[in-house]
Structure formats: C-alpha cells, structure tokens
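Look at the structure, then read on.

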Amino acid sequence: MAKSSDQNKAFGWAANDKSGVLSPFHFSRRENGDNDVTVKILFCGVCHSDLHTIKNDWGFSHYPIIPGHEIVGIATKVGKNVTKFKEGDRVGVGVIIGSCQSCESCNQDLENYCPQLVYTYNSRSFDGTRNQGGYSDKIVVDQRFVLSFPDGLPSDSGAPLLCAGITVYSPMKYYGMTEEKGKHLGVSGLGGLGHIAVKIGKAFGLKVTVISRSSEKESEAIDRLGADSFLVTTDAQKMKDAIGTMDFVLDTVSAEHSLLPLFSLLKVNGKLVALGLPEKPLELPIFPLVLGRKMVGGSQIGGMKETQEMLDFCAKHSIVADIELIKISDINSAMDRLAKSDVRYRFVIDVANSINSA
Amino acid sequence: MQRLGEKYQSVEAFGWAARDSSGHLSPFVFSRRETGEEEVRVKVLYCGLCHSDLHCLKNEWHSSIYPLVPGHEIVGEVTEIGRKVSKFSIGDKIGVGCIVDSCRACESCREDQENYCTKSVATYNGVHYDGTVNYGGYSDHIVVDERYAVKIPHTLPLASAAPLLCAGISMYSPMKYFGLAGPGKHIGIVGLGGLGHIGVRFAKAFGSKVTVVSSTAGKSKDALEIFGADGFLVSTDEDQMQAAMGTMDGIIDTVSASHPILPLIGLLKPSGKLVLLGATEKPFDLHAFSLILGRKSIAGSAIGGIKETQEMINFAAEHGIKAEIETISMEYVNTAMDRLAKGDVRYRFVIDIANTLAVTRS
C-alpha cells in the first residue's frame, strides 16, 4: 500500500545523530492512498519534544529524524474514501498519525492511549515505513488523524495547539478542572504548554496562578496572558502563604524538579497533573498524598475527537499561541534558544515560505 | 462549640504503655478526664493491633510521646454519657477509631472528612485540645466526644468488628471514592495483611473482581479460598506480573515498606488508579512516562471520616464482613508485636481487653 514514487519526493530538515543538528534532507512520502490526505505544509510548531527526540534524551531515537508534530497546511489531494476533507481545505496534523482502530481505547475515541499508537515522527507505521514529521514540505496522513482547522484560527499561531493545546486541554477536562468556575489552577512552568494552559484556564472561568522559578515572566503572565497571580517557588514566604490553596496544579516542567512543593500547594483532594517528560524519575513523596488524599496523574495529548473539540473551543475563544515565526534555516539556533527556554513562547517554522528543495 | 478547657484528670485508668522506643509494653496506671457534656465513657472490650501501633511504639515517625498507650481499633460498651449526648445510650456497643477530635470548622470537617482536617487529633499519641496527651485502646476505658464514635450493630461479632475501625475504613473509603467498588471493576489489592484481607471481603461484597498481589506465595490459598479473591499474583514472579499487565481498573496498595511501584502501574488499564495507603517515609521513584502513557494516576488515602466509618460498619453488618482475627491476651501483646513485625499473623491480632487486662494489674 505504501509505495513511494518520484511524484512523492519530499524535502525536509533532519537530524542525523544525537548532536541534534538539523540539515537539509531528501526523502519521499507514500502515494496518497484511498483513505489518505496529502498536506502541503504551511507552518510547523517547534515542540520541546522535538528537541528531546533529536538529542535522543529519551533513548529511543532512530536517525535520521525529521521532527515536527504541530502541522498546519492545505489538503492538496484526498483519497476516494475520504469524506471529511476536500482539496483546498485548511487542515492540521498533530502528534499521532495511526492507531490500531479496534481496541477499547480506539473505540472510545482515545487513540492516544492505544497500545499500538503511531507517532507522527520517529516511529514506524504498520507497513514498516519510517515516519518523518512536519519540518518538511508535505505529509500524507490517514483521514482519521487529520483535523479540520477552524475559520478564525490563524494557521501560524494556531499550529502549536496541535500538541501544546491538546496536551493541556485534555487533562483539564479529564481531571475535572473545567467543571466549576472559580476553582483555583496552578500552572507550573510558563513555556509552550504553560502559556496556553493559562489562556484555556481563564476561558473556563478558573482562577489561575502561574508557578515559576523566577519572577522574570511575572508581568507578562498577569498583564498579557491574564493570569490572576504569580508565585515564585524560591520565595519561601509566598510559598508558605500559598499552602493548601489550589484545587489543581498542571506541571508542564520537564527538567528535574521536586514535586513536594507543588503537592503542598494543593488543597485536600487536590490533583497534580504531570505533563513534562523528564529523563530521570522524579521523587514522589508519599505522606502528602496520604494525609491529604492528593493525586498525581499523567496525560498524553488527546484523542482525535477531543483534539478537534479543542481546536473549535480555541477558535471560539480566540485562543492562540504566542509565537516567534522563524525560517527553517534558523532552526538550529532556535533549538539552542529553546534549550535555554529563551522563547516567548513557541517557535513556529514558516515552512511554505522558507523550505525549498535543492 | 464549648471547648473542654483544662480538666482535672480525675478518673483512674489502667492500660499497657511503652516507655521508650524499644516499644516494649508493660502495665501502666494513669488517669482519664471526667466525662464531658458531649462525651461518652466507654469500657473497652476489644482492641485491634494495627501496624501503625508498632510504627508508633518504635518512634519510626519521630513523633512519639512516651509513655505511649496505643490502640485505635476499639470496641466497647458505653458506661456513662454526658448530659448533651444524643447519639448513644448506656449499654450501647460502640467503636472508636483513629481520631477523637478535629477542628470542626474547616472545609474537610464540614464535609464529614474529619480525617483530612489538618488539626485532627489522633486517638493515641495525639494532643487533645485541653493540652493532655491521648492514651489509646490498650486500656480499660476511654472517654470520647460522641461525634467521633460509631455504633456497632448487634449483628456484628465484637472482637472481629474491632479491626474495621482502622483497617476496614482504610480500605472501604478509597474503594468508594476512586470508583472501584462495583460490578465490572477489577481491583488489585497489594499485600494480604490486616488491611488487605478485609479489603478483599469488601471488594467482593461490592461485586468487584479482585486480584491479590503479594510477595508471599503461601497466602494464595487463603486469598482464594477463605477471602474469595478471584486471582492471586506473586509480585516477584515476572511472568505472572507481565501476563496481568493492563488488566486492572485500580489498585489499593496496603504495603508500608518501601517497594517499587512501576510494576504496579504496569498492571493498570489506561486511566487506572494506584491508591497508596502505606505511610512510607522514603519517597518513591516516579517514572512520569508510566503515568503519561496511559493517563494513569497515583493517589493517597487515609482512613475515612466518621460518617463514612459508620456507613462502612453498617455495610459490614449487612454483608457479614468481619476481620479474620487471632484473639490474644493482654500479656501476649509484646510477643504479638514481634510476630506482627515479621508478618506472622493470620490476619489481625485483637486483644481481649475485657477478660485479660485487669488481671495483669499487680
């Protein structure tokens, strides 16, 4: 089924080893199958997971790797079984491009928890082909894993919603954060995920406190992003005053850090959702969990149905990412800056205008 | 609400206490306060031995106040009631569990979750609002505010009801709260000790499917034949554990010793919950990936509120659920503690206070 031919020549930027340095790379995509949509890529967000993967931080990278799973583009071809999309539609492709489509998770629209999940890049499809991501000119995807990009959602600043957006939206719904207005959410880490979490939290009527290591981002958190308050973790007195005040904490930090201070911020029955993907295990103190019936849970993106729901929600509430648009040729310096968290708050590659094949 | 203030401790009491962190118990004469307006005086009939008693006797949590009279699985008979008492009458059989007071004003207290009140007062080794240190149920009587006692229905045998006051509620509460109680749910119970064995009985009464996870292969027969578990996994058997991966809606982990939780997280289905009950001092290693890839969660739970404890007792009476106990005399208690430390008990010691305490007074 997956045949490549000259028509499907593709071009992107790939990393060849764990130095993570990206450079031009010629490859091909499969022919557009009956269930497929071919997407000419306009924009692709730069997710921290892209950086972790090209550096092999998690130990399962297989090179060469073209990263990128926050893809917005135009459908240029649709297979004969495709009903949801037509040529010319603006579409999105996120973190997953395949699943078994028959297990309990898939049947519940939770493809993201399917044990045979296929990631957009650094993965193999069922037919054995290596998948390459969105730092490239085109991609071919099964229609089930393609999203409709709503009118009113800009392609460039909307792109990061495809990973960062759903990554915070899904657990906010699942762990009950959106059921009651006025509940208090702490967002730990103000990066790609964190800044979108603040916006979505406010749209759900929550009180939002940003929790951060330094006060550097305080005025923008409050003035620009709309957070209600800002808590610096190194300020012992402020941390003490904030003990037991939060219903939920969303922890977006992937660097090594202690969970104990975050647990102390939670009220009884409070929930901490861990979204960051650290390299090493975190320390989990037990007493705070037991003495306050507190919880730490994980979450991974969301299913396709929920991702569409999230896009529609963000379009309705005018929620987009704060981005810095870059050319593909600047990707390596962008990655260096991302490693230092020097970005407000997501790089997005202007693929269509900067990628060109040799 | 009227606080007691400084009350003269005028009523003589007798029990067994440890004087230091050796944890060795011996006869101890002390006194209790007079019965307050909203309090009841309870002649202790039976008291269960909880592993927490052992931890506390040995000062493992670094907060023990000596002399220490443990015991928070107390069943007894009301002998005196304060003039404002409405819940109980003289002669009633009642139970007292792990807490005997709380602030009564915070959100937790107002929601009948006194167990999560940050100012809750422990039945033993806790400091009462009048400044006195609480002595627990290894004694001839106790005085307690009626709000913190529960009625024992006459259909429940008293000795085997005692462990419900701590072990029972510790298992019942998380099963209800985390949605694990009921047909169609598959619960794993880690550790088949005082808590675990009662947990199996509750889970089966709820209609849940139950698998016991234990490091002791020898407990398999009891788990399946006496307690009615549907399955038994030896936690050190990698093949068994592998075969059971992704099969459980929830797991209640009763083990307090440090142990790896990654294999337990592997047993959970997507969206499954691991509930930890053991108060372990050393932090566990949390592999964030294991929770993220499967939307799993880890939570803690500690006993239950008084209202829920009464609900649990009534449920136990209705379904004939009792602890599997070894009744002991007061003077056997130190040997019992040594055996408990080695896990050598099927499955809870209960002291026959009424018949064996007084005779130890020389």
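The questions and answers below cover confidence, domains, backbone and helix packing.

This is a predicted model, in which local features need pLDDT of at least 70, side-chain atom pairs count only at pLDDT 80 or more, and totals for chains, interfaces and linings use all residues. Residues are numbered from 1 along each chain as its sequence is written, chains are lettered from A and ligands numbered from 1 in the order in which they are written, and side-chain values use heavy atoms, with hydrogens and water left out.

Q: What ipTM does the predictor give the complex?
A: Two scores come with the prediction. The pTM is 0.93, and the ipTM is 0.92.

Q: Which residues of chain B have a pLDDT below 50?
A: The pLDDT is the predictor's confidence in each residue, from 0 to 100. Chain B averages 94, and 98% of its residues score at least 70. One stretch of chain B falls below 50, yet has 15 contacts (heavy atoms within 4.5 Å) beyond near neighbours in sequence. That stretch is residues 1–7.

Q: Which residues of chain B does the UniProt annotation "domain: Enoyl reductase (ER)" cover?
A: UniProt, in an unreviewed entry, places this feature at residues 20–349 of chain A. Its positions are given in the numbering used here, feature names are shortened, and annotations may be inferred rather than shown by experiment. In chain B, the UniProt annotation covers residues 23–351.

Q: How many Å apart are the end C-alpha atoms of residues 20–349 of chain A?
A: Helices (H or I, at least four residues) and strands (E, at least two) are DSSP runs, numbered from the N terminus. This span of chain A is 26% helix and 28% strand. Its end C-alpha atoms are apart by 17 Å.

Q: Which residue does a cis peptide bond join to A:Tyr63?
A: Most peptide bonds are trans. Here omega is about 0°.

Q: Where is B:Pro67?
A: The peptide bond from B:Tyr66 to B:Pro67 is cis, with omega near 0°. B:Pro67 sits between helix H1 (51–57) and strand S4 (74–81) of chain B, in the loop.

Q: What is the phi of A:Asn56?
A: Most residues other than glycine have a negative phi. A:Asn56 is in the loop between H1 and S4 of chain A. It is not a glycine, but its phi is positive, at about 55°.

Q: Are H4(A) and H5(A) oblique or roughly perpendicular to each other?
A: Axes are lines fitted to C-alpha atoms, for helices over the stretch in contact, and angles run from 0 to 180 degrees between N-to-C directions. Helix H4 (residues 164–174) and helix H5 (residues 192–203) of chain A cross at roughly 50°, their axes coming within 9 Å. Angles under 35 degrees count as roughly parallel, over 145 as roughly antiparallel, 65 to 115 as roughly perpendicular and the rest as oblique. H4(A) and H5(A) are therefore oblique.

Q: At roughly what angle do the axes of H4(A) and H10(A) cross?
A: Helix H10 of chain A spans residues 304–316, and its axis comes within 10 Å of that of H4(A). The angle is roughly 100°.

Q: Which residues of H10(B) meet H5(B)?
A: Helix H5 (residues 194–206) and helix H10 (residues 306–319) of chain B cross at roughly 75°. They are therefore roughly perpendicular to each other. H5(B) contributes B:Phe202, B:Ala205 and B:Phe206. From H10(B) come B:Met312, B:Phe315, B:Ala316 and B:His319.
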